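Q: I have a protein model open and would like to learn how to read it. Could we go through it feature by feature?

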Amino acid sequence: MSATAGQAQSERSLAERLGVKPGQVVQEIGYDDDVDEELRESVEAVTGNELVDEDYDDVVDVVLLWWREDDGDLFEGLTDAMVPLTSGGDIWLLTPKAGREGHVEPSDIGEAAQTAGLSQTSSISAAKEWSGTRLVAPKVRK
């Protein structure tokens with residue numbers, strides 16, 4: 001296997017862990033110089049689209065929300081992230097892993113998500129330094 005093929009497989013697996021699919025629009029909120037570039041590149045490779053930033057004014061399929069303990073009120077961050085999200089879309093809350101600067105306690109995530117009306121469906125190791133928590137809005141019954 002060539003280095004390029006190995007790299008492509010690695011990129012797909014990172015984005016696949018997030019459930020990102022080709023053609024999806026993914027908004028990134030909270031970008032800073034500490035984010036995981038490999039994860040960002042893998043999402044772009046799978047979707048075929050560049051990540052859109054927080055100024056994007058259309059609907060999105062997935063929000064990547066990079067969040068650190070000192071970024072402010074997590075509830076507000078989550079409610080802001082829900083605004084552009086299409087029905088059935090996901091918010092991936094990306095927080096520094098335990099023991100890393102900026103780590104957010106799981107209990108704080110659970111409380112903020114519940115208050116924002118979101119359900120926590122899974123948690124993964126999203127990147128070397130980052131944990132990912134998948135949050136979804138409850139399905140509306142018709």
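Q: How many salt bridges does the structure hold?
A: Start with the rule: a salt bridge is a side-chain nitrogen of Lys or Arg within 4 Å of a carboxyl oxygen of Asp or Glu. The structure holds six of them. Keep in mind that this is a predicted model, where local features need pLDDT of at least 70 and side-chain atom pairs count only at pLDDT 80 or more, while totals for chains, interfaces and linings use all residues. Residues are numbered from 1 along each chain as its sequence is written, and side-chain values use heavy atoms, with hydrogens and water left out.

Q: Which residue meets aspartate 34 in a salt bridge, and where in the chain do the two lie?
A: The partner of aspartate 34 is arginine 68, at 2.9 Å from N to O. This pair links distant parts of the chain, 34 residues apart: aspartate 34 is in the loop between β1 (26–29) and α2 (37–47), and arginine 68 is in the loop between β2 (60–66) and α3 (74–82). Those labels come from DSSP runs numbered from the N terminus, with helices being H or I of at least four residues and strands being E of at least two. The side chain of arginine 68 also meets that of aspartate 71 in a salt bridge (3.0 Å, N to O).

Q: Is arginine 68 buried or exposed?
A: Buried means under 20% relative accessible area, exposed means over 50%, and partly exposed is in between (1.4 Å probe, protein chains only). Arginine 68 counts as buried because its relative accessibility is 7%. Aspartate 34, at 36%, counts as partly exposed, and aspartate 71 is also partly exposed, at 33%.

Q: What separates arginine 40 and glutamate 37 in helix α2?
A: An α-helix has 3.6 residues a turn, so residues three or four places apart point the same way. Arginine 40 and glutamate 37 are three residues apart in α2, so about one helical turn separates them. Their side chains meet in a salt bridge (3.0 Å, N to O). Arginine 40 is buried, at 15%, whereas glutamate 37 is partly exposed, at 33%. Salt bridges that share partners join Glu28, Glu37 and Arg40 into one network.

Q: Which residues of α4 are buried?
A: They are Ile109, Ala112 and Ala113. Seen down the axis of α4, these buried residues fall within an arc of 100° (taken from the directions from the helix axis to the C-beta atoms), so they line one face of the helix. The face turned away from the buried side carries the exposed residues Ser107, Glu111, Gln114 and Thr115. By contact, meaning heavy atoms within 4.5 Å, the buried residues of α4 pack against α3, β3, β4 and β5. Just after α4, glycine 117 takes a positive phi of about 85°.

Q: How many helices and strands does the chain have?
A: The chain has four helices and five strands. Read along the sequence, they follow the pattern α-β-α-β-α-β-α-β-β.

Q: How much of the chain counts as buried?
A: Of its 142 residues, 41% count as buried. As for contacts in the chain with a separation of 6 or more, residues 24 or more positions apart account for 73% of them.
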